[in-house]
Amino acid sequence: MYFLPLLYFDHNATTPVAPEVADALDGSVRQVWGNASSIHSAGQIARQQLEQARRTIASFLRAKATELVFTSGGTESNNIAILGLVRGFTAARKHIVTTTIEHPAVLEPCRQLEREGVEVSYVGAGRNGVVAVEAIRAAIRSETVLVSVMHANNETGVLQPVAAIGRLVRELREAGQTIYFHSDGVQAFGKVPVDLNADAIDLYSTSAHKIYAPKGVGALFVAKSVPLRGIQFGGRHERERRAGTENVPGAVAFARAVELCASYPASFIAGLRDRFEKQVGDALPDVQINGRSSPRLPNTSSVTFHGASGEGIVIALDLLGMAVSSGSACSSGSTEPSHVLLAMGLRREEARSSVRFSFGRYNTEPDVDALADSVIKTARRLRKSSAKEAHVVTG
Ligand SMILES: *Cc1c(COP(=O)(O)O)cnc(C)c1O
């Protein structure tokens, strides 16, 4: 038997599958099992479902269906965008500008390209969690072919100035430089509006499991003009950008999840988040909410509890049936402090005392009140015991 947490506040790691999405998935899995590349009717029905799903997701992004490539998720979308674009250029023109607050699914492909001889500049973020457009501009050289800056950070929820960076890259391109702009939109997609055309984003990564659909499916937007090659070989699927038989039920579920996003207003989730931050802030006035002064996702709260271990809080809350996270899901399990919080200038001790709360559509006000109450009590208890251990009072 599996134990599921009673109260889930870790939606930036993954979300539960919405019942409507599970129904769409179930219908497609059972009935539409044809190979979308087959020419017989079973194949054509699969192809129709796949293309319908593509149109739904593309229109949500205000993109053309032909600009959307289905992938296995956010990590693969980022890998195809970065490796697939940059490997196509000659050795003379290989430089990337990205940031130190990116998800490992962007940082690691960049590190791989460094091993292949590509130069990468990593631009930092300010204390407010925002990457400055001027710092991006200063890092761009004549041999820069790609700028990759995430739309919303997964740990702090802070929104990055993608529209301004998009305009900057577009101006350079209009002035004759071959340069493209990729944004990891995995956390922003479905939570805040995005207009790829207006923001001049050339490549945009999304993932289904962050918006109440199953894991293992995602999409990469590739603007028509981008010279992107696939990075895996074995078939001409997805306009030769992602070889492999298409996951039709996954795409159908993803499209259903995208449709549902419109019925859950951001203001509801922001209300829960603000309610939580107010209760915790009133009871523990010295906590610090990271990125609070910046535009943020409506659902994310990154809190530093000076003098209490973030991991300790995560474990104590788990025993109370509440799921939250310290650092990102990918790095938890290790005691390494969050690279994002360190990049924002937090001290290691502060980063280690931080917890991420990410709210979702099935959370309620009573859930949030219960969370805040447990968080306040746990932080007080941990502070007392760590103060005793250190023989100093940390407040
Ligand atoms: C979750 C996440 C990813 C990875 O997506 P997967 O579908 O899990 O591979 C990439 N970038 C960001 C910002 C994320 O939050």
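**The ligand site and selected positions**

K210 places a polar side-chain atom 2.8 Å from an oxygen atom of the ligand. Of the area of 380 Å² that the ligand exposes when taken alone, the protein buries 87%; accessible areas come from the Shrake-Rupley method with a 1.4 Å probe, and for residues only the protein chains shown count as cover.

Before I continue, a word on the basis of these values. The model is predicted: local features need pLDDT of at least 70 and side-chain atom pairs count only at pLDDT 80 or more, while totals for chains, interfaces and linings use all residues. Residues are numbered from 1 along each chain as its sequence is written, and side-chain values use heavy atoms, with hydrogens and water left out.

Let me return to the ligand. Which residues surround the ligand? They are G73, G74, T75, H103, M150, N154, D184, V186, Q187, S207, H209 and K210, where a residue is near a molecule if one of its heavy atoms lies within 4 Å of it. Sorted by class, this shell holds eight polar, two nonpolar and two charged residues; Asp, Glu, Lys and Arg count as charged, Ala, Val, Leu, Ile, Met, Phe, Trp, Tyr, Cys and Pro as nonpolar, and the others, Gly among them, as polar. H209 also has a polar side-chain atom 2.8 Å from a ligand oxygen. In the case of G74, a polar backbone atom lies 2.8 Å from an oxygen atom of the ligand.

Is T15 buried or exposed? T15 is buried, at a relative accessible area of 4%, where buried means under 20%, exposed over 50%, and partly exposed in between. A polar atom of the T15 side chain lies 2.7 Å from the backbone oxygen of H209, and the T15 side chain reaches the backbone nitrogen of Y212 at 2.7 Å. Neighbours within four places in sequence aside, T15 has contacts (heavy atoms within 4.5 Å) with H209, K210, I211, Y212, A213 and K215.

G230 lies in the loop between β8 (218-222) and α7 (237-240) and is buried, with a relative accessible area of 14%. G230 and A81 are 149 residues apart along the chain, yet their C-alpha atoms are separated by 8.9 Å. Beyond neighbours within four places in sequence, G230 is in contact with E240 and R241.

I finish with a sheet. Three strands form an open sheet in the order β9-β10-β12, with antiparallel pairing; strands pair if DSSP finds at least two bridges between them. Because β9 (288-289) and β12 (354-358) stand at the edges, each with a single partner strand, one side of each has no neighbour in the sheet. β9 pairs with strand β10 (residues 300-304) over two bridges, and the bridge partner of Q288 in β10 is T304.

Methods
Polar contact = N/O pair within 3.5 Å; in protein donor to acceptor, adjacent residues only side chain to side chain. Helix = DSSP H or I, 4+ residues; strand = E, 2+ residues; numbered from the N terminus. Buried < 20%, exposed > 50% of the residue type's maximum accessible area, 1.4 Å probe, protein only.
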